[in-house]
Amino acid sequence: MDPGKFSVARLRDYCIQSVDDLNGEVNIPFYLKSWQEILLFFNTMGSVFNFLTSDVKSKMNTVQTSLDDDQIASHYQYIGKMLKYELDNDLIDLVHYGKLSGARQLLRLHRAFKFVALLLQGLETSLESDNSHKIASKSYEHSLAPYHTWLIRHTVYFALRALPSRKTLFLRLFGDREETDAKQELNSAVDALNRTYELTNSLYDQLNLLDIP
C-alpha cells in the first residue's frame, strides 16, 4: 500500500490497534495514526474538507507535543490515563473555553471521528444513484453540526455540495475493484471506527467530560 495514498484497510488496522480491550483503553499513538490516515482520506475528497483539515492538524499537534515530552509522555499513551492525569493536575477548564488541554483537543477530534465513521458508513450502504453530497450532509448533521454555529453549519453544507460524485469517490478510493469487494472493506473499517469511537466516548463519559468547552 502506498503510504501517501489513503487506504481503507490501513485506517481499519490502525483503529483495531488503537483499542486495548484488556484494559478498556484507547491507545493515543494509534489513534493519531488513524487520524493521519483520515487526513489522506480528506485529501482524496478534494478541497471540500479544507474546513476540517487545518483544525484537525492543530489539535493533533497539541496531543503529539505531550507525547513528545519525555517528562509527561507516559501519561499520554492512553486516553483514559490522559484524562485522569489532566483532571488530577487541574489542566482541564471545565467551565470556560481556555486551556488547550489534551482532553479538550482530543474531544474535538473525537466528535469529528464520528463524522468520518458516518460518512464511510453512508458510502458503504449507498446505492449507485445516491448523491455523495447528501450522504456527507447527513453525516455532518448527525455528528459535528450540533457543535457549530449557524454560520459555520451553513458554510459547511454549502461546501459539501462540491464533493465529487459517488462514482468518482469509489474510483478514487478503490480504483477498478468490484463494488461488492469495496463495500466489504468499508464495512470492516466502519466496524473498527465505531469500536474506537464508542470506547473513547465511554472513557470521556465516565469522567463527565463529554461537554467540556
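Biologist: Why does Leu 87 count as partly exposed?

Modeller: This is a predicted model. Leu 87 has 31% relative accessibility. Buried means under 20% and exposed means over 50%, with partly exposed in between. So Leu 87, at 31%, counts as partly exposed.

Biologist: What makes the nonpolar surface patch at Leu 87?

Modeller: Leu 87, Leu 94 and Val 95 make it, with an area of about 270 Å². Patch residues need over 30% relative accessible area. Leu 87 has 31%, so it passes that cut-off.

Biologist: Where does Leu 87 lie?

Modeller: In helix α4, residues 79-88. Just after α4, Asp 90 takes a positive phi of about 55°.

Biologist: Which residues of α4 are called buried?

Modeller: Ile 79, Gly 80, Met 82, Leu 83, Tyr 85 and Glu 86. The term requires under 20% relative accessible area, so each of these falls below that value.

Biologist: What covers the buried residues of α4?

Modeller: The cover includes strand β2 (25-26) and the helices α2 (28-44), α5 (102-125) and α9 (179-206). Cover here rests on contact, which means heavy atoms within 4.5 Å.

Biologist: How do you know whether the radius of gyration of the chain agrees with a compact globule?

Modeller: With 213 residues, a compact globule would have a value near 17 Å. The chain has 17 Å, so the two agree. Its C-alpha trace spans about 50 × 40 × 25 Å along the principal axes.

Biologist: How many of the residues count as buried?

Modeller: Of the 213 residues of the chain, 49%. The chain has nine helices and two strands.

Note on methods. Residues are numbered from 1 along each chain as its sequence is written. This is a predicted model: local features need pLDDT of at least 70, side-chain atom pairs count only at pLDDT 80 or more; totals for chains, interfaces and linings use all residues. Side-chain values use heavy atoms; hydrogens and water are left out. Patches are made of residues with over 30% relative accessible area and no salt bridge: like charges are joined within 9 Å, nonpolar side chains (Val, Leu, Ile, Met, Phe, Trp, Tyr) within 5 Å. Accessible areas come from the Shrake-Rupley method with a 1.4 Å probe; for residues, only the protein chains shown count as cover. A salt bridge is a side-chain nitrogen of Lys or Arg within 4 Å of a carboxyl oxygen of Asp or Glu. Helices (H or I, at least four residues) and strands (E, at least two) are DSSP runs, numbered from the N terminus. Buried means under 20% relative accessible area, exposed over 50%, partly exposed in between (1.4 Å probe, protein chains only). The radius of gyration is taken over C-alpha atoms; the globule rule is 2.2 Å times the number of residues to the power 0.38.
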